[in-house]
Amino acid sequence: MKKKKSSALQDAKRNLHLVMSESAITAGLMAMSVITPFFNSIGLNQSEISLSQMIFTVVVIILNIPTGYIADRISRKWANIIGDFAHGILLLSYAFTNNFLGVVICESLMGVASALSMGVDQSLLKHFSGKLAKTTGEPESRVLKTKTARLECAKYICNLILLTLGGPVGAISLRLAIGLSSVTQFAGGIISIFIQDDSEKLVPTHKNPLKDMARIAKSAFKSSPLRWRIFAYAVGREMTHGIIWVVTPLFMQVGVPLEFVSFAWAFNSLMAVLGAHLASKFSHRLSDYQIFVIPVALMTISMLAMGVSLNIITVWLYGLMGITQGWTAGTLSPMVQKYVKPSEQTSVLSLTKVVSDLLYIPAVWVIGVVADIQLNYSLFATVAIFLPLGLLIIKKLKQYV
């Protein structure tokens, strides 16, 4: 019996390590810090960049719930493998794109790849965290929170390394930086092959899969505690998302050369590591609404301060958004998952991301349009969108425990 328990412990640890490794190395994009200059180099302005991201997001919204359902029904592992390899191939294709049409085609296909793997990592993380908790006797919720926060730390460390490389490589060739970004995606696909996915599969209630997806969505929104945590995830994620497309222009406007902008992105990733680390240490001591107060406050302080006076000193307050990003990444998914059945994890997480993306579409468009008028006004636009939503979420999280 003891030998069997030891074997179960080793299997849980091994699979957790594989899931976390795959998720960490595929989370970053080497070309992220130079992608806006690449878009500009082929003739795109900020509005067109925002439009291309809206198109990507629409594709993800359309496919996310069906692909999440398929992953729950058939194989979360293989959804990840296919998604990773498709991402790698598409990034290689992106390196040869020459115009807005090419960007739209690549972003649309990458939306398909993203939908395949979105939510899968966190579903597998919860499953193997549960198996680990059974063998160690720890509460599953605490193991999941700790592992999620540590995973986010690992993601941002990997991203930090990639971003540090991205600037110098991008200074040599923007297309080379994009092409080399495919390497980690291919590596993630290879790692996923070795995961032993014995997670609980979804047993459909209806023969028609569309009816079954509708049932899952209806059930999720019918539960007030789960509904408001889904909204909390969306607002928390997007308050640091819509602004990323103006980060490089912000730093360049205050005099940071392009070849050093990657270090600014790396600094932001370092702050995200700090945010995720703080989440692993302190989030389990806080209630859900207290967890959410922190990112709303940091977003408001950083955006208003930079908007009022953007210069070489205040621009580094963007690091507070990094802390926000790390904190929310390490805390919001477990907040949702504790109200979801094991067999429906990927489906509900995919639904959660659809809600998030539905918020992202108007937010990124408004921020992009305002940035074309005057760059620092995009910071005020971020506060105008997310502060009222954040305050509403805080109120509802206090109400629905």
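For the residue classes used below, Ala, Val, Leu, Ile, Met, Phe, Trp, Tyr, Cys and Pro count as nonpolar, Asp, Glu, Lys and Arg count as charged, and the others, Gly among them, count as polar. Please keep in mind that this is a predicted model. Two packed helices are described by the angle between their axes and the distance between the axes, and that is where we start.

**Helix pair α7 and α15**
- Helix α7 spans residues 140-172 and helix α15 spans residues 319-337; their axes come within 9 Å and cross at roughly 145 degrees.
- The crossing of α7 past α15 is right-handed.
- On the α7 side, the residues in contact are Leu-144, Lys-145, Thr-148, Ala-149, Glu-152 and Tyr-156, and they meet Gln-325, Gly-326, Ala-329, Gly-330, Pro-334 and Gln-337 of α15.
- Sorted by class, this contact of α7 with α15 holds 5 nonpolar, 5 polar and 2 charged residues.

**Cavities**
- Searching the whole structure turns up 5 cavities of 30 Å³ or more.
- The second largest cavity has a volume of about 60 Å³.
- Its lining is made up of Lys-145, Ser-283, Asp-288, Ile-291, Gly-330, Thr-331, Pro-334, Met-335 and Lys-338.
- Two or more residues of that lining come from each of α14 (288-308) and α15.
- Helix α15 gives the largest share of the lining of the second largest cavity, with 4 residues.
- By class, the lining of the second largest cavity splits into 3 nonpolar, 3 polar and 3 charged residues.

**Where the two topics meet**
- Lys-145, Gly-330 and Pro-334 take part in the α7 contact with α15, and these residues also line the second largest cavity.

Methods: Residues are numbered from 1 along each chain as its sequence is written. This is a predicted model: local features need pLDDT of at least 70, side-chain atom pairs count only at pLDDT 80 or more; totals for chains, interfaces and linings use all residues. Side-chain values use heavy atoms; hydrogens and water are left out. Axes are lines fitted to C-alpha atoms, for helices over the stretch in contact, and angles run from 0 to 180 degrees between N-to-C directions. A crossing is left-handed if the near helix is turned anticlockwise from the far one by less than a right angle, and right-handed if clockwise. Contact means heavy atoms within 4.5 Å. On a 1 Å grid over the protein atoms alone, a cavity is a set of points where a 1.4 Å probe fits but cannot get out, and a pocket is an open set with protein on both sides within 12 Å along at least five of seven lines; lining residues have an atom within 4 Å of a point. Grid points are joined across faces, edges and corners, and a volume is the space filled by probe spheres set on the points.
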